[in-house]
Amino acid sequence: MNALYARRHVICDLSVTDDCIELTRNWSLMKRIALLIILFCGLVPGSALAVTSGKVTGFVRDAATGDPLAGVTVRVEGTESRAVSGLNGEYFILNVPVGAYRLEVQMIGYLPVRTQVLTVNSDRTTRIDFELETTMLDLAEPVTITARRTSARSDLTASSELIVPREIESLPVTDLSDLIFLQNGVIRDAEGGLHVRGGRANEISYYVDGATLEDPLLGGMGTHIPLDSVEELVVNRGGFNAQYGEAMSGVVNIVTREGSGPLSGTLRAATTLQSQYDLEAGSYDETAAGRGGRLEGTLGGALPWFGDRGGYFLSGQVLSDGHHIPHNSRSLATVAGNLVFKPYPLMKLKVSGHYFRQRHLQYDHRNQNGLSYDFNPDGLPERQADSQALNLSVSQNISPRLFYTARFYRYATNSILFPTMLADRYWSEWPGYSVDDHGQYNGSIYESTQLPSDRYEGLPFTEGSDFFPLYRDARSTYYGARADLSGQVTYWNQVRAGIEAQWYRLDWNERSFLQAVPQGQRYTVNPVEGALYFQNRVELSRLIVDAGLRMDYLDTSQRFFVDLPSGQAAQRDNSTKLRLSPRLGVSHSFTPRSLLRFNYGYFYQPPEFRHAYTNLRRDFSGESPRLGNPDLSPQKTVAYEFGLEHMLTRDVRVGFTASYKTISNLTSTAQVQYPGGMYYIFNNADFGSVRSVELIVKRDVSRLVSGSFNYTYSIARGSASTPQEHAEQARPVGSADPAERGYFPLAFDQRHTLKAVVNVLAPDTVQRSILGVPLRGWGMSLVGYFGSGLPYTPTNALRERTEIERNQARLPAFANLDLRLRKRFRAGRFGYTVFSEVRNVFDRRNVVSVYANTGRPGDDGYTLESFTGRSDEFVRLRRLLSLDPQQYAPPREIRFGFEIGF
C-alpha cells in the first residue's frame, strides 16, 4: 500500500532514544493535556519567552544615621512607573521598558534628588541605592546626584553580552550576523553560518520584541533586521533561563527602538569600491566604484494628538553587496516599524512588524557533478526570498508587585531557488522536459545541461544555453500566542511563569534534474509546538539564584503506514514529544567588584522540519535516496559553565569563563540496505562534546577610548558536523561504506580565536586635541580577528579518505582587520557625518577552503606534466578550472558615505 493518507503518512519502525517521552494519541490523554493547558491559561494570563523590559531596585537610607527609610517615593522620570520604599528601605519597580532614564526620589523632610541618566536593560536588574540628607527647605527642583550603584553585571548567572546602539554605530558592520560574530565563542564557517561554542549551524534562536523570527524549513532568521532599528541586542552564549527555548547553543534577543518626543530621523548613504574576480583571467581586476552600496533611514517621534501616550518608529534599508565574484551579489530591501500606545498609565500596547525582500545570485565554481558555469553565469541559480512579520503585544502592571505580557504574532517566509535564465518558468516548462502517455518523465534535461561542452577542449565547462537544473520553493507560515506573568513575591524573590503555542503551515516543492533519474517532492504539513515554563529568581544582597523548569511539546501531525521495498508492512501511531528542561544559575558577588557564577541546564531543540518530512512518498529511485522521519526526537544539550568577572575600574571589566557541554540526539542519517537497493533515513544518532575557555577584557563604549579583547580556546568533537555527513562523506581507502561513526574534530572546531575592538570616539563636547587637531566629532574603530585553521578531511584523487579518522588536516589560519573612520559636524538642529569603512584593510588572501586531495586552494591535483602535448588553450582553461575564487575570503572592500540626522 503506497497511498498517501491525508495528513497521515508512513514511516518505518525507528528506534527511539532513552530520554524520549512518547505519548500515544488516544483521546483520553489528549483531553488531559488540553485540560492542563486550559487550567494553566486560566491561572496565568501568563510567556513572552524573550523579555523586553527590566527591573530597578535598591535601598533608601538616611545619609547621617544609615537607618533605612520607609515611605520614600522613587519614580522613573517620564513614566508612570514608581515605587514606595518598605520598612527596610527596600524598593523595586517592575516592567520598566528598555531605555535610558533618570530616577527621582522624594520624601518630606529630606532633600529630593534626581539621578544622572541610567540605562535599563531587558531581563536585567539595575540596582541603585540612595542616601538622603535631611533639609528644612521645601525644594521644588531635585538636586542631580550620581547615585551609588553596584557592578553592572552582578545579576548575571550565565554568559551574556549586551550591545547598545552607540556601540553598533561605531563598528564597520552592516548585518546582525557581524555583531554576533564579534562575541566570544562564536565562529563563522566558509558558507557564512554562525557556530556558538562548537554547536552546529542553526542552533541559535532569534527573538525580536519577544517573538521568534526563524525560518522553520531552511533555518536561520529568514529575514534582515536594520541595525538602525535596534535599541538593544543581547547575545546569550551559554546557559539561559527557562523562558527561552528551541535553542541549544545561543539566544539572540533584540528589542527595537520606540519613538517618543519631537520628530527625529536619519538618512545614510554609502557606496562601495571593490575589485572583482575576472573569470576569464583567473585574477582580480582594479578596484572600481559602484560595486555595491546602501541607503538607509529612520523616522520616529510621538504620535500626533497623543503626546507622551503614543509613539512610532520606522526604519528602512536598501542594500547591495557581494560583487567581488560575478553572479554572486546580494540585493535586499527591508522596512520595519512599530506603534506604541499607552491607553492607561501602566498599560502599553505595541504593534511591530517588518517586510523583507532579497535577491541572491549564487555563484558556484563547480557543482556536485563537477561542472563549471564560469563561462555561462546566467545558468547558475538565484534565490529570491521575502518575509513578513506582525507582532502585537500587551503589557500591564496589575499592581506594584505583578505584571503580565501577552503577545500574538504571525511570521511568513517564502524562498524560491531557480536557474537565473529561466526565472519566469516553472520546472515543468524547462527546455527538455516531457512526459509520456502515462505521465512518466522521459525528457532530456540532465543530458542537455549536465554534460561538458566540446567548445572548451572537452573540459567540464557548460554551454551558454545550459542551466543548473534545480528548483525549490519553500514557504512557511506560523502563528504564535504567548503570555507571561511576573510577580515580586518578596523583595528578594521574583517568579515568572508562561505558556506559548505555535501553529505551522509548511509548503515544500522541489525538483532536481542533477541526476539521470529526476528527484523531487512536494508536501504541505502542519506541525504544532508548545511550551510551559516556570522561573524563580532569588536576589539576596550578594547571592542570586535563578532556578527554572521548562516543558516543550512537539507534534509533527503525521501518521505513517510502513511499506518499504523490503516488503515489510506495519502501522504505528504518531508520537508526540514532551521534554523537561531543568535550568539553574547562581552568581555570588564576593566583593563589590568581583563576581562568581555557575550555570547548568538541559536545552532541547526540535529537528529541522525539512529532515522530518523529506521524501514522504518514499521514492527510492536514483542514487542514495533520502527518507525523512517525522518521528525524529528533539536534539539535546547538557551544558555546564563556570565564570569569574572582576571590575578593574568602573568601566573596565575582565572575565573568565570555562564551559563544557555534551550533545546527543543530533539529527543524522543511517544507511538501510534491502534486497535490490539501499537508502538513507534521518534518525537521532549523532553526538558530540565541546570544551572551551574564554577570556574577555572590555571597556565601556561610553568612554573616549573603549573596546574589547576576546580570546577563546575550544575543542569541539563529535560524530558528524552536519545531519547528512554520513551520506555524503568520503569513503576510507578500500571501503565501500562510509557510514562508520567515530569521534573526531568537527568541521567548525577552531582551537584558537582572538577578536579585538578598539574605539576612539570623541563626542561633540570634547575639548582634547592631538598634535593640535581637535578631537571633537572624530571617531575611529578597528576590528581585528584571528582564527586558527579549521579542520578538513584529506582524500586521494578518487575522493577516498587517506586518513583513518576524519578532519585530521587543518586549513591555514585566518586573520583580518577592518577599519571605520568618521567625522561629525553640527549646524543648528541638524547633524552631519561623513565616514569611511574598510574591510580587510591589508587585502589578505584568507583561505576558507581547499581541495581535499591536495590541501591547496588553487590546485585540484592536475600537474603540468598532465598537459604534455595539449594546446595552449587547453592549458589555460585547465588552469582556470583549478582556480576557485570561493576558496578565498573576499578581498579589500572600501565604503564611503554620509549621514544626516535631526
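Biologist: What is the mean pLDDT of the protein, and what share of its residues reach 70 or more?

Modeller: This is a predicted model, and its mean pLDDT is 86.

Biologist: Why is proline 763 called partly exposed?

Modeller: Partly exposed lies between the two cut-offs, 20% and 50%. Proline 763 has 36% relative accessibility, so it belongs to that class. The loop that holds it runs between strand E45 (752-761) and strand E46 (769-770).

Biologist: Which residues is proline 763 in contact with, leaving aside its neighbours within four places in sequence?

Modeller: They are Arg776 and Gly777. As for tryptophan 778, it is 15 residues from proline 763 along the chain, and their C-alpha atoms are separated by 7.6 Å.

Biologist: Is threonine 614 buried or exposed, and how do you know?

Modeller: Set its 14% relative accessibility against the cut-off of 20%. Threonine 614 is under the cut-off, so it counts as buried. Its place is the loop between helix H5 (609-613) and strand E38 (626-627). Leaving aside neighbours within four places in sequence, threonine 614 is in contact with Gln521, Arg626, Leu627, Gly628 and Phe682. Phenylalanine 682 is 68 residues away along the chain, yet the two C-alpha atoms are separated by 9.0 Å.

Biologist: Why is strand E10 said to be largely enclosed by the rest of the structure?

Modeller: Count its residues (125-132): seven of the eight are buried, so E10 is largely enclosed. Strand E2 (residues 53-62) runs parallel to E10, joined to it by six bridges. One example is lysine 55, whose bridge partner in E10 is threonine 125.

Biologist: What makes E13 and E17 the edge strands of their sheet?

Modeller: Each pairs on one side only: E13 is 160-163 and E17 is 211-212. The sheet is open, with five strands in the order E13-E18-E19-E16-E17 and mixed pairing.

Biologist: Why do E18 and E19 count as a pair?

Modeller: A pair needs at least two bridges. Strand E18 (residues 230-236) and strand E19 (residues 250-256) have six, in the antiparallel sense, so they count as a pair. Among the partners are asparagine 236 and, in E19, valine 251.

Biologist: Which residues lie nearest the centre of the largest cavity?

Modeller: Asp123, Leu156, Ser160, Asn236 and Asn241, out of 20 lining residues. E13 and E18 are the elements that give two or more residues to the lining. By class the lining has six nonpolar, nine polar and five charged residues, and the volume of the cavity is about 260 Å³.

Biologist: How many bridges join E39 to E37, and how many join E39 to E40?

Modeller: Twelve bridges join strand E37 (residues 594-605) to strand E39 (residues 635-647), and twelve join E39 to strand E40 (residues 652-674). Both pairs run antiparallel. Glutamine 605 has glutamine 635 as its bridge partner in E39, while threonine 637 has isoleucine 663 in E40. E39 and E40 form a hairpin, with four residues between them.

How values were computed. Residues numbered from 1 in each chain as written. Predicted model: local features only at pLDDT ≥ 70, side-chain atom pairs only at ≥ 80, totals over all residues. Heavy atoms only, no water. pLDDT = per-residue confidence, 0-100. 1 Å grid on protein atoms, 1.4 Å probe; cavity = no way out; pocket = protein on both sides within 12 Å on 5 of 7 lines; lining within 4 Å. Points joined across faces, edges and corners; volume = space filled by probe spheres on them. Nonpolar A, V, L, I, M, F, W, Y, C, P; charged D, E, K, R; others polar. Buried < 20%, exposed > 50% of the residue type's maximum accessible area, 1.4 Å probe, protein only. Contact = heavy atoms within 4.5 Å.
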